[in-house]
Amino acid sequence: MSTSTLIAGVLWLVALWRLPSLRHSRKQRSLALTLTTLAAAMTFEVPQVKEAVDAAVGTDARLSPLLKHLLGVTSAAYLLDFVIAVVRPQGLASRTRLVAAGVTLPLMLAFYALANWTPGGPVRLGEGRGALFPVLYMTVFTLYIGIAMVVATWLFLGGVRHSRTLLGKAGLGFLGLGTLLGSLYALQRIVFVTVQLASGTSYPDLENLLSTTLKQATVLSVALGVCLPPLSVAVEYVKAWSTLRKLYPLWAQLTEAAPYVVLATSVGRWRIPFRLERCVIEIEDACLALREYVSVDMYAKARRFVRQDGVDAQLSDAVAEACWLRAAVQSARNGERLRGVEYPPLGVTGRDRASELSWLRTVARAYLSSPVVSEFVRQEQSSVSHEQGASERISSHDNGCPPQRVAAGPPHYRLA
């Protein structure tokens with residue numbers, strides 16, 4: 001199997017993979033059409049396809065190079081439209097781009113038809129009256145490809161720093177590298193034609209080697225750049241699933257103690273990012289509700305207990321939060337809320353998304369498996385039992401009761 005056949009096959013696989021996105025946004029439609037036209041163009045690099053097309057036409061002027069170049073221009077136009085939609089959604093010279101493509105394609109057809117081609121094909125100068133038209137043909141084609149690739153390179157590489165994910169940055173980087181190589185392809189075309197016009201000397205073997213190498217490198221880089229951003233989406237999906245799996249036990253414990261925070265609307269099983277978002281919101285809602293079962297004094301006590309136990313300083317705040325949450329869950333099960341006291345702060349408040357998820361994962365791990373948390377809750381339960389016993393003995397003498405405890409009920413606020 002030849003290299004051109006392998007590259008065309010890879011391109012068609014990528015194009016067919018992206019083809020369903022034709023019905024989506026303009027950005028996705030432009031990308032799908034870029035890949036489809038580029039795959040079709042590279043198909044005319046396959047020797048068997050070139051021979052079959054040229055044999056079917058049966059004229060001295062080969063048709064396969066014309067079809068390849070027309071598809072290449074169309075692909076460059078769609079690629080430019082795609083990168084502008086990604087990096088400059090407000091648009092960039094849309095009318096100029098439309099006019100440039102609308103002029104380039106008819107001119108290429110006209111010059112190709114008027115040219116008196118030599119057996120070497122469209123990259124060689126013709127003879128006689130049609131000698132100028134091959135030059136004009138290649139000039140129009142090369143200028144459009146070169147300018148489109150330079151603009152696309154500028155936009156792709158400029159958009160790398162704005163991408164949110166590492167794979168997204170890598171994808172734009174490879175796309176920018178591909179268009180940069182496309183610019184070099186156009187440049188070497190200009191250099192070889194200029195040398196031939198100025199000196200009458202040609203280097204067909206070297207020109208063919210550079211042209212083929214740059215084309216293939218451009219295509220592979222663009223294909224790789226197209227594949228990386230969707231892979232980034234898949235990676236984010238897996239990360240969301242892993243985080244949801246780690247937070248679910250904490251969610252189950254907290255929402256069992258505060259079931260009124262759980263939203264009634266059901267969520268599809270495979271909508272993992274949305275389920276994670278809802279899980280986080282409901283955990284934070286439950287934390288807000290459970291604060292009413294403990295005071296800030298218990299929070300301070302939990303922090304002292306954690307530090308005295310030698311917990312790492314970077315984890316101590318999260319472990320302390322897990323301590324008072326476990327104690328709050330126990331109090332909620334007993335049905336007693338506190339009034340007239342200051343409640344503990346929430347450690348998740350004021351964090352960005354990544355830090356918020358990291359904090360909740362640490363709290364969940366400590367809540368479920370930390371022996372420090374279990375010991376703190378055990379001591380608190382023992383202390384509460386002792387206090388309740390003492391209160392009952394006192395009440396038998398003076399009928400007193402703790403004024404700060406009230407019957408449990410749903411909290412009077414909700415986290416939107």
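Modeller: Leaving out residues up to four places away in sequence, Thr 243 touches Leu 276, Leu 357 and Arg 361.

Biologist: What makes something a contact?

Modeller: Heavy atoms must lie within 4.5 Å. Thr 243 itself sits in helix 8. A word on the ground rules: this is a predicted model, where local features need pLDDT of at least 70, side-chain atom pairs count only at pLDDT 80 or more, and totals for chains, interfaces and linings use all residues. Residues are numbered from 1 along each chain as its sequence is written, and side-chain values use heavy atoms, with hydrogens and water left out.

Biologist: Why does Thr 243 count as buried?

Modeller: Its relative accessibility is 7%. Buried means under 20% relative accessible area, exposed means over 50%, and partly exposed is in between (1.4 Å probe, protein chains only). So Thr 243, at 7%, is buried. Over the protein chain, buried residues make up 43% of the 416 residues.

Biologist: How do you know what is a helix and what is a strand?

Modeller: Both are DSSP runs, numbered from the N terminus: helices are H or I over at least four residues, strands are E over at least two. That gives the protein chain 13 helices and 2 strands.

Biologist: How do you know that the length of helix 9 agrees with its residue count?

Modeller: Helix 9 covers residues 272-290, 19 residues in total. The expected span is 1.5 Å times one less than the number of residues. So helix 9 should span 27 Å, and its end C-alpha atoms are 26 Å apart, which agrees.

Biologist: What makes helix 9 mostly covered?

Modeller: Of its 19 residues, 14 are buried.

Biologist: Why are Cys 279 and Cys 287 called buried?

Modeller: Cys 279 is at 5% relative accessibility. Cys 287 also has 5%. Both values are under 20%, so both residues are buried.

Biologist: How many disulfides does a search of the whole structure find?

Modeller: It finds 0. A disulfide is a covalent bond between the sulfur atoms of two cysteines. The test asks for a pair of cysteine sulfur atoms within 2.5 Å.

Biologist: Why is the link between Lys 68 and Glu 45 called a salt bridge?

Modeller: The rule asks for a side-chain nitrogen of Lys or Arg within 4 Å of a carboxyl oxygen of Asp or Glu. The closest N and O atoms of Lys 68 and Glu 45 are 2.6 Å apart, so the pair qualifies. It links distant parts of the chain: Lys 68 is in helix 4, Glu 45 is in the loop between helix 2 and helix 3, and they are 23 residues apart. Lys 68 is buried at 16%. Glu 45 is buried at 11%.

Biologist: What other salt bridges link distant parts of the chain?

Modeller: Arg 189 and Glu 207 meet at 3.5 Å, N to O. Arg 189 is in helix 7 and Glu 207 in helix 8, 18 residues apart. Both are buried. Glu 277 and Arg 353 meet at 2.7 Å. Glu 277 belongs to helix 9 and Arg 353 to helix 12, 76 residues apart. Glu 277 is partly exposed at 34%. Arg 353 is partly exposed, also with 34%. The whole structure has 12 salt bridges. Arg 26, Asp 81 and Arg 97 are linked in a network of them.

Biologist: What makes a nonpolar patch?

Modeller: Patch residues have over 30% relative accessible area and no salt bridge; nonpolar side chains (Val, Leu, Ile, Met, Phe, Trp, Tyr) are joined within 5 Å, like charges within 9 Å. Here Phe 174, Leu 177, Leu 180, Leu 184, Leu 187, Val 191 and Leu 224 make one of about 550 Å². That area comes from the Shrake-Rupley method with a 1.4 Å probe; for residues, only the protein chains shown count as cover. Helix 7 gives the largest share, 6 residues.

Biologist: Why is Leu 180 called partly exposed?

Modeller: Leu 180 has 38% relative accessibility, which lies between 20% and 50%, so partly exposed is the label. Leu 180 is in helix 7.
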